[in-house]
Amino acid sequence: MNHNHPVYTDNDPQNETTTLNLGPTHPATHGVFQNVLEMDGERIVSGVSTIGYIHRAFEKIAEHRPYYQITPLTDRLNYCSSPINNMGWHTTVEKLLDIKIPKRVDYMRVIIMELARISDHLICNGILGVDTGAFSGFLYLMEEREHIYEIYEEICGARLTTNIGRIGGFERDFNDIAFAKIRRFLKKFPPILKEFEALFNRNRIFIDRTSGVAAVDPETALNYSWSGPILRATGVDYDVRLNEPYCSYEDFDFDIPVGTTGDIYDRFIVRNEEMWQSLRIIEQALKKIEKEPKGIFHADVPEFYLPPKEEVYNNMEALIYHFKIVMGEIDTPKKEVYHAVEGGNGELGFYLVSDGGRSPYRLHFRRPSFINYQMYAPMSKGMLLSDAILNMSSLNVIAGELDA
Amino acid sequence: MSKLSNQVVLQKITARFGDQITIPTEPPGLLSFETSKENIIDVLTYLKDDKELQFNFLTDLTGIHYPEQALPIGVVYHIHSLTNNVRVRVKVFLSDDTPTIPSATKLWEGANWMERETYDFFGINFEGHPNLKRILNVDEMTVFPMRKEYPLEDPNRVDKKDYFFGR
């Protein structure tokens with residue numbers, strides 16, 4: 001044992017704890033998180049999480065907005081993978097309205113969702129590396145995230161808060177440049193991910209810092225309603241894409257990577273493997289799209305799909321439907337739906353209650369960050385502060401989703 | 001993937017609880033039923049611990065407000081049986097003045113924050129909750145903002161008044 005520093009024992013007169021405010025704007029917390037920690041030296045005795053710093057009352061706002069205006073709200077939940085949230089919202093409304101979506105649209109959605117999953121995992125794993133002191137892997141990955149954002153830009157014009165798609169499909173078809181960029185990404189990304197894995201997976205320092213740290217057993221994880229990669233790292237193979245396929249995920253061949261110990265290292269490995277699976281899915285989707293009839297990018301539901309502006313100005317039917325949708329003249333069924341998609345960090349659910357009007361009677365977001373994060377303070381007990389920082393990065397909690 | 005059908009789940013629940021639960025006309029897809037606050041913990045425990053059902057995953061817990069109903073405040077549980085890959089929705093309706101319901105934190109630790117959130121927005125008291133206080137809103141807040149009588153914006157604001165169109 002290293003005795004360079006004084007060793008405190010129970011009967012030591014200096015045996016007292018310190019209160020440490022970790023956050024809300026600490027650079028190591030990557031977002032607006034506050035934890036009031038009681039510290040005994042470097043070790044955490046207890047902690048209390050304070051959340052809600054960027055609460056924006058999305059559920060209340062959503063009760064006053066028509067369905068198509070809620071998409072931008074979902075962008076701002078998990079802003080590292082906003083297309084997944086957008087698609088989750090569209091599919092929820094489509095489930096409510098019972099709209100049948102053409103296969104080509106489903107495959108386009110799958111592509112954009114898997115790209116979003118990759119960009120989400122890139123950030124999470126890159127930052128995890130930075131928190132262990134390995135900066136270069138992060139820089140490689142950020143360049144690739146930039147390429148994903150360029151694809152978003154080509155598809156919808158936006159980068160971070162994408163607002164991709166409409167109820168019933170997409171606002172426009174993917175153009176040739178977008179497809180070319182996706183293909184280019186599929187070609188250029190694997191070597192970089194391989195290099196990233198080579199930097200980390202068998203890196204002595206990284207393994208020492210992460211292996212066995214913050215290990216969670218599957219029972220505890222399920223008891224805390226964990227979902228997503230962190231649940232799969234404990235060994236539970238629950239993935240919404242597999243259990244309740246949406247957007248034709250049943251047509252794809254992919255594996256669900258699971259870990260064994262549920263520690264930070266396993267979470268890292270599971271996320272890396274999920275990126276490989278996402279690449280597989282995108283490749284299959286591109287092949288499947290070629291077999292589908294060209295030019296279909298939305299379902300034929302004029303009473304819910306907002307028509308393009310040129311049509312509205314030049315075509316009477318489009319003008320009528322535009323007016324009816326915008327003014328909320330079209331009745332929706334009176335029912336309740338719960339729809340879940342596999343978000344970047346877990347099961348992203350939408351509980352939508354419709355009273356027949358243009359906006360939801362009640363909309364509740366089942367936000368994986370919110371539910372995953374509540375175990376953070378209890379599990380930090382007895383942990384070193386530096387491990388707790390790593391643990392927070394590996395949970396992939398996004399402040400926007402946490403606080404809704 | 002073997003999937004327990006809604007019918008089987010429904011039969012088992014009605015066999016166990018009989019008239020203590022009410023089943024509305026079944027919506028396609030997700031089995032949904034109501035029960036009372038006296039029975040909710042029994043129902044949840046049964047769903048969770050039954051060897052065949054194994055509803056071991058609390059997906060979501062939230063509230064809902066129907067001001068016109070006799071029992072206006074609702075608590076909605078979404079529970080998932082990961083082994084059977086089937087979900088149920090359980091609802092409990094409560095009266096308006098200090099709505100109270102037993103806490104589900106003894107069954108699932110994950111219910112802790114979900115119940116705090118529901119308390120924060122709907123003012124539902126979860127009896128037996130270890131730390132029932134506001135979570136997203138400030139502690140000084142006196143209202144429960146997701147109730148329907150609470151407006152989205154302060155109606156007395158003058159800066160948004162428009163000469164032609166009102167607010």
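B:Thr98 is exposed, with 10 other C-beta atoms within 10 Å. A residue counts as exposed if 12 or fewer other C-beta atoms, placed from the backbone, lie within 10 Å of its own, as buried if there are 20 or more, and as partly exposed in between. B:Thr98 sits in the loop between β5 (86–94) and β6 (100–102) of chain B. Its phi is near 40°, a positive value in a residue other than glycine. B:Gln54 also has a positive phi, near 55°, and is likewise not glycine. This residue lies in the loop between α2 (40–49) and β3 (57–65) of chain B. B:Gln54 is partly exposed, with 17 other C-beta atoms within 10 Å.

The model is predicted: local features need pLDDT of at least 70, side-chain atom pairs count only at pLDDT 80 or more, and totals for chains, interfaces and linings use all residues. Residues are numbered from 1 along each chain as its sequence is written, while chains are lettered from A and ligands numbered from 1 in the order in which they are written.

Chain A has 17 helices and six strands. Helices (H or I, at least four residues) and strands (E, at least two) are DSSP runs, numbered from the N terminus. The C-alpha trace of chain A spans about 85 × 45 × 35 Å along its principal axes. Of the 404 residues in chain A, 48% are buried. Among contacts in chain A with a separation of 6 or more, 69% join residues 24 or more positions apart. A contact requires C-beta atoms, placed from the backbone, within 7 Å.

Two helix pairs of chain A were examined. Helix α4 (residues 103–131) packs on helix α5 (residues 136–156) at an angle of about 155°, with the axes 9 Å apart. Axes are lines fitted to C-alpha atoms, for helices over the stretch in contact, and angles run from 0 to 180 degrees between N-to-C directions. The angle makes α4(A) roughly antiparallel to α5(A). Angles over 145 degrees count as roughly antiparallel, under 35 as roughly parallel, 65 to 115 as roughly perpendicular and the rest as oblique. The contact includes A:Leu115 and A:Leu122 of α4(A) and A:Leu141 and A:Ile148 of α5(A). By class, it has 13 nonpolar, four polar and two charged residues. Ala, Val, Leu, Ile, Met, Phe, Trp, Tyr, Cys and Pro count as nonpolar, Asp, Glu, Lys and Arg as charged, and the others, Gly among them, as polar.

Helix α6 (residues 176–200) and helix α11 (residues 264–291) of chain A cross at roughly 160°, and their axes come within 11 Å. That makes α6(A) roughly antiparallel to α11(A). Among the residues in contact are A:Phe189 and A:Pro190 of α6(A) and A:Met275 and A:Leu279 of α11(A). Nine residues of this contact are nonpolar, one is polar and two are charged.

Between the chains, 28 residues of chain A are in contact with 25 residues of chain B. On the chain A side, elements that give two or more residues include α1 (58–62), α8 (218–223) and β5 (347–353). β5(A) gives the most, with four residues. The chain A side comprises eleven nonpolar, nine polar and eight charged residues.

Notes:
Contact = placed C-beta atoms within 7 Å.
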